[in-house]
Amino acid sequence: MARAWLKAAIAALALTGLSASAHAADTIKLGVPGAHSGDLVSYGQPSLNAARIVVEEINAKGGILGRQVEVIAQDDQCKPELGTNAATKLLSEGVDVIMGSICSGATKAALPIYTDAKKISISPSATTPDLTESGDNPYFFRTIASDSEQGRLAAGFVRDTLGAKKVALLHDKGDYGRGFTNYAREVLEKGGVEIVLSEGITPGAVDYSAVIQKLRQSKADAVIFGGYHPEASKLVQQMKKRRVRIPFVSDDGVKDEAFLKVAAKEAEGLVYATGPKDVSKLPANIHARELHVKKYGVAPGAFYDNAYAATVALLAAIEKAGGTDNVDAIMHALRTEYVDTPIGRIKFDDKGDAEGIGFSIYKVEGGDFVEQK
């Protein structure tokens, strides 16, 4: 009798396990790689939060085509070598689509893996132009404009609004930072602006006094920096300490709360950064941000809007395509069907770039980044 009961219990557990396995397999798996720890977590965590919020709201309404959506996160710390690991792990977990990665280097490293597997990915923040312009990444999309746009915008601002005649170009030697300054250089040189210093700095260094001394000796009217907020905050602080008081113009990798927490006092009135246009008045944006405050108790950080938009676009395309099996149908939906998102009503062009979005210039004023009209 005892043995019969035990056999029945084991059988019941086995059936339960099979049922749970079948249910898990029936979910739509959304992979979210990004900087979920490390120096650039302030970029990656808001995107992961966005994915979770969108998925929770959709699941509460019954999911997509009757299937629940599951978020599967992988931390790549915005490092290329970890980007490949994260991509491999996501595929091993059976993800259907990917929202990420965050940084251009990690994205570039992961894309061949996704391409070989014919997996669609949408990045909310990887801006290196070649990611879409090279034609090598047919399954890649993004909800942010490229470095070519923001680099040229920054350079035009430095030349025309700030009136600089001599400019120093600094970057962090990465694809993102170098690309930003290269596009700025094109505009500056065509506009007759003299490049008096062009140099890469070492990411993670504590002391940048040597390059700041070169900056002083160059007699530049302004500096354009390509890179991320940890290096930018050190540069700005050390520039002020050494009384190099010239405008510091950078990219959306610097337009972040983490930069303000470290260097707002030194940056006040002197630091400018490019960033996605202010869309805070859009009803969809207001709704998305209210959801973040309700869930996490604070306002969202960098690239939250773009990540929310990417997640919405991916899941809407899956629904339009009738499921996750037909990759071509999903891509067709992304390119032809408009969706309302926190960054506006968007679809994607043939290269994979979202149409109708762009950058603005922001200035540090009153301890915050203020859009310049």
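**Close-up views of a predicted model**

**View 1. Thr132 in helix α5.** Thr132 is found in helix α5, residues 130-133. Helices (H or I, at least four residues) and strands (E, at least two) are DSSP runs, numbered from the N terminus. This is a predicted model: local features need pLDDT of at least 70, side-chain atom pairs count only at pLDDT 80 or more, and totals for chains, interfaces and linings use all residues. Residues are numbered from 1 along each chain as its sequence is written, and side-chain values use heavy atoms, with hydrogens and water left out. Thr132 counts as buried because its relative accessibility is 5% (buried means under 20% relative accessible area, 1.4 Å probe, protein chains only). Beyond four places in sequence, Thr132 touches Phe140, Arg142, Lys351, Gly352 and Asp353 (contact: heavy atoms within 4.5 Å).

**View 2. The largest nonpolar core.** This core has 41 residues. A nonpolar core is a set of buried Ala, Val, Leu, Ile, Met, Phe, Trp, Tyr and Cys residues joined through side-chain atoms within 4.5 Å. Leu30, Ile120 and Leu334 have the most contacts inside it. Elements giving two or more residues include β1 (28-34) and α13 (327-336). Helix α12 gives the most, 11 residues.

**View 3. Around Ile120.** Leaving aside neighbours within four places in sequence, the contacts of Ile120 include Val97, Tyr139, Leu314 and Leu334.

**View 4. Helix α9, residues 229-241.** Buried residues of α9 include His229, Leu235 and Met239. Their cover includes α2 (41-60) and β10 (271-276). Arg243, with a positive phi near 60°, follows α9.

Terms used
Expected span 1.5 Å × (residues − 1). Buried < 20%, exposed > 50% of the residue type's maximum accessible area, 1.4 Å probe, protein only.
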